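Hi,

Here's the structure I promised to pass along.

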Amino acid sequence: MENTQVKPKRLDSNSSGAREFLSKLSRGLMIPIAVLPIAGLFLGVGAGISNVLIAAGVTRELNPGAFVVGDVMASIGDVIFGNLPILFAVAVAIAFTEDSGVAGFSALIMWIVFNAFQANFIHEINDADGLITGYSILFFDNVPTSVVTSNSGITSLQTSAFGGLTIGFLTAAIYNKFHKMELPKVLGFFSGTRSVPIIAFLMAPIIACIFLITWPFFGVQLNNLGTVMAGMPAGTNSLMFGIIERALIPFGLHHAFYTPLWFTSVGGSVYDAQGQALAFGDQNIWFEFQTQGWSYDWIDYNQVQSIPDGSVMVEVNPIINNQGETVGYITAGEKPGMYMQGKYPFMIFGLPAAGAAMVMAAKKENREIAFSVIGAAAFTSFLTGITEPIEYTFLFLAPALYYGFHIWMAGISFWLMNLLGANLGMTFSGGIIDFALYGILADATGFGVQSWDVIIIGVPYAVIYFFVFYFYIKHFDIPTPGREPEGTVIAMKSKADYLASKQDGRKNNSSINVKKGIDPETGISLDRSERVKELLGYLGGFENLTSIDACITRLRISVVDKSLIDEVGLKSLGAMGVVYLGKNAVQVIYGAEADRFKVDLKDYKKHLGL
Amino acid sequence: MQKDSTTLNYKKSNSSTKTFLSKLGSSLMLPISLLPIAALFIGFSSFFNTTEGISVIGNVLSSIGFAVISILPILFAITITISFSKNKNAPLYGLICYLFFIAFQSQFITFDSTTSEYNVSGFFSLSSYYFVDIFGLTVLNTSLFGGIVIGLVISYIANKNDKVGLNLLYLIMVAVFFAFIVLLFWPPIYYVMEQWFNLVNGIGFGINTFLYGFINRLLVPFGLHSLLIPLVTYSPAGGTLLINGDVVAQGDSAIWLYLYANNISFQEAIKHSGESYFYLGDTYFLTEGVVPGQYQQGFLPIMIFGFPAAGYAMTTKVENKKDKSIIMLAAITPLLTGITEPFEYLFIFIVPSLYFIHALLTGLSFAILSLAHTTVLISSGWFVDLILFGLIPSLQGNPTRWWVVLAIGPLFSFAYYISFKMLFKEEHFKQLY
């Protein structure tokens with residue numbers, strides 16, 4: 001049915017096909033996107049509670065009980081983010097198969113097999129202490145640890161939302177192609193929808209192979225990119241960082257990219273006055289300043305000196321305290337926070353403003369519903385710096401907004417923060433909680449991080465994001481929440497609307513269906529149509545059927561009135577028996593054809609708009 | 001008046017219970033239909049495991065097979081929402097609810113490395129026997145039951161209202177509520193259940209397997225056997241296998257597959273069931289009375305020998321050649337596909353006494369095979385299983401005593417032939433068509 005509806009529209013114009021695709025996607029991703037802000041708040045607030053406790057001097061070793069609430073909240077959020085690819089896979093599979101739960105089920109199977117297959121080819125590389133320094137994957141020898149993750153408890157490639165969507169679309173394609181497949185009678189058990197999870201199971205290893213060959217390659221290249229960037233002048237490294245990091249998020253490869261900059265000497269080193277290295281990587285350096293009690297203003301960027309680091313000489317800026325003593329050195333060009341702080345302006349100001357724009361762009365009658373979904377997502381970004389909920393509401397629907405606007409704004413935010421001389425740190429992400437702890441609190445205690453720069457950049461960002469989003473969505477008619485075409489809005493439509501839309505659909509279709517060998521009266525293939533109509537007659541018509549289902553050999557139905565069932569008629573169609581269970585449940589034993597009858601009856605019913 | 005209305009209500013609730021169970025049975029067909037493929041993959045892995053160099057193929061095959069088996073509770077939760085809810089989002093709600101359920105639980109379970117025991121909510125200290133890793137989280141092993149209950153509750157909620165936000169709120173509450181209940185009450189419940197399962201599996205003298213085969217067939221007319229099968233094949237009801245104190249497989253088929261894929265002797269395991277034993281460097285424990293395969297293999301003599309003989313007896317009662325071929329086709333379908341219904345429905349309603357005898361003989365077949373320590377797995381139910389999961393493991397050096405099936409088969413041919421010859425009449429066939 002669905003194919004015959006889509007195709008003629010595609011012929012009219014490409015854009016309407018694309019539009020149909022988008023609104024389906026929007027509808028499908030609604031649940032994951034609605035659950036993300038909830039998970040985000042749990043995770044962000046949970047992590048926030050722990051961070052505040054640590055800042056207040058409470059330690060896990062001495063007061064484990066104090067962390068319980070934060071940990072429980074964080075874990076509830078974590079499980080959703082950790083399994084987001086599965087939610088995407090299942091949601092997309094359901095959305096693109098006329099709401100078939102079986103497709104969703106199959107997507108989960110495919111995802112599990114996809115990852116379990118990979119696990120066999122991913123081997124740890126350990127150093128002398130038994131720590132994992134990397135992975136060998138097929139012919140890739142030194143894959144960074146951040147390319148590999150634990151997906152549903154299975155050590156496999158970090159493929160993130162991209163992996164989930166790929167699996168979801170593939171499963172939908174398998175379902176649409178095979179769910180009406182008929183096998184020889186002997187294999188009847190595997191006919192119909194039951195073949196879908198099996199085919200998904202068998203296809204998964206092939207997809208896994210493709211990812212095993214390509215994904216580590218990207219991971220290695222991105223890891224190397226950090227080294228190239230470290231030497232770039234005038235804050236352009238911050239600019240590049242911001243752009244690339246945002247661009248990689250949907251693929252999960254951003255971890256491979258930022259990890260060396262945050263945690264290894266690629267992101268700079270800090271030394272004490274004797275030239276002994278104290279910490280490596282942007283985030284570690286930032287916290288080393290806190291530990292040492294050094295203000296970030298003490299770095300003298302105008303003086304460049306050379307000090308020995310092992311066997312090589314490195315260029316450094318001295319760190320000079322208020323008494324004029326040199327207390328330490330830092331890699332020349334490294335400004336603590338340069339790869340972190342750029343997040344604050346667009347996470348606290350930009351994205352929430354984009355959320356406001358999406359709510360304003362929703363149809364008036366849907367604004368309240370749109371607010372309930374987007375409001376929470378925007379608030380999550382503001383509070384915790386978890387941006388997936390708000391980013392995913394527009395990433396898939398309007399990739400141009402994400403890749404044409406958002407990532408560049410993110411880069412510029414990093415760049416400006418660097419040029420203004422700010423030095424904010426972060427542990428979790430760029431929300432108001434981290435801003436308070438590693439911005440305002442750091443300023444208040446004399447570390448000189450210039451937290452006001454976030455506001456200076458953030459306010460114009462809010463304005464720019466709001467207007468760009470508002471006009472883009474309006475102009476290109478993007479189906480963001482609350483803007484879906486009639487009949488697919490979040491709130492359930494009235495029954496009258498539904499019937500009307502179905503009837504329109506029927507009129508449009510009938511002329512096309514005839515050519516394709518489909519009976520315009522029943523909406524199912526001509527060769528089956530007569531038989532199904534006959535069956536329906538013996539069952540007392542759709543008015544008599546309250547539910548239709550089937551297992552291996554039985555058509556399982558519930559009826560209003562048992563006496564309307566014509567047993568002799570059913571047997572004339574090949575039934576081996578009719579079983580009555582209680583007052584309303586009836587099972588007709590048809591052998592392998594039972595499942596086929598179920599699908600046909602359901603199609604017929606749908607066709608009639610019942 | 002009063003009396004009448006109560007009788008009416010009673011009848012109504014009784015019938016809706018039946019409808020409910022029948023629906024539950026049919027909803028489980030989806031994961032059940034996938035399991036044969038997972039089992040086949042694990043089975044094939046043994047061909048590669050023994051040879052150096054290509055053992056990676058074996059690992060791949062068995063790892064993806066076991067990966068599917070390990071998430072069965074989640075698959076159950078989802079498949080139930082598909083059948084029980086008209087809300088198209090219900091499968092996703094089921095998945096999300098299950099994720100919250102395990103995440104919340106896992107936070108209250110800590111491992112104490114000094115005693116090697118797990119601590120639950122601060123007041124249970126338990127061995128790893130009570131736990132399972134699912135989606136990378138260590139949680140109490142609620143097995144298929146947890147998945148079924150969550151699936152049903154979520155279906156109910158999703159049917160009640162359409163609002164996404166409200167449903168998400170409800171499902172978090174459901175998940176947290178169940179997690180609390182499980183953390184507080186599951187360890188003792190699980191303990192009692194285990195004792196009970198062990199008691200039933202350990203009755204001995206083939207009584208447990210006889211009763212299983214008998215009851216299984218008696219449930220067929222109601223379609224409820226599809227509820228029973230996953231419980232004995234993939235839940236603790238069918239037994240538990242521990243290695244070095246860790247649960248590695250639960251349920252008759254899962255245990256069989258684990259033993260086979262890891263080249264662990266079936267016969268050794270049976271000999272030591274109910275006690276710890278040392279084998280190839282590890283300590284094993286298989287619960288009392290478990291003969292891997294015992295809750296499936298009893299169908300083999302019936303399908304391969306019984307039905308064709310019964311079919312032949314029936315053909316002697318009809319004149320028409322076409323009718324004869326209809327009967328024979330139905331009689332050999334189980335042998336080729338493992339699906340017995342087409343044949344059983346030829347007599348199940350018309351000659352109930354014959355069906356009762358069939359159920360008794362099935363029970364007998366189950367009892368004999370388990371007493372003979374035969375261990376053949378039925379995955380998809382083809383006679384191919386006898387070769388793939390009976391003959392081949394024996395040739396690889398892990399005896400399954402598959403030949404017992406062939407040895408007792410003729411007896412079943414005889415019994416079925418006699419019963420059908422005596423009880424099936426020509427007019428019965430006429431009633432059918």
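Where is Leu138(A) found? Leu138(A) sits in the loop that runs between strand E2 (132-137) and strand E3 (140-143) of chain A. Bear in mind that this is a predicted model. I picked that residue for its backbone: phi of Leu138(A) is near 50 degrees, a positive value in a residue other than glycine. Most residues other than glycine have a negative phi.

Chain B has a case of its own. Asn263(B) also has a positive phi, near 55 degrees. You'll find Asn263(B) in the loop between H10 and helix H11 (266-271) of chain B. With 36% relative accessibility, Asn263(B) counts as partly exposed too.

Now for the second largest pocket. There is about 1200 Å³ of space in it. Its lining has 45 residues, and Phe66(B), Ser70(B), Val132(B), Asp133(B) and Val248(B) are the closest to its centre. By type, the lining residues divide into 26 nonpolar, 17 polar and two charged.

Which element gives the largest share of that lining? That's H3(B), with eight residues. Helix H6 (101-119) of chain A supplies at least two residues, and so does each of several chain B elements, among them helix H4 (72-84), strand E4 (131-134), strand E7 (246-250) and helix H10 (252-261).

Cheers

Definitions and conventions: Residues are numbered from 1 along each chain as its sequence is written. Chains are lettered from A and ligands numbered from 1 in the order in which they are written. This is a predicted model: local features need pLDDT of at least 70, side-chain atom pairs count only at pLDDT 80 or more; totals for chains, interfaces and linings use all residues. Side-chain values use heavy atoms; hydrogens and water are left out. On a 1 Å grid over the protein atoms alone, a cavity is a set of points where a 1.4 Å probe fits but cannot get out, and a pocket is an open set with protein on both sides within 12 Å along at least five of seven lines; lining residues have an atom within 4 Å of a point. Grid points are joined across faces, edges and corners, and a volume is the space filled by probe spheres set on the points. Helices (H or I, at least four residues) and strands (E, at least two) are DSSP runs, numbered from the N terminus. Ala, Val, Leu, Ile, Met, Phe, Trp, Tyr, Cys and Pro count as nonpolar, Asp, Glu, Lys and Arg as charged, and the others, Gly among them, as polar. Buried means under 20% relative accessible area, exposed over 50%, partly exposed in between (1.4 Å probe, protein chains only).
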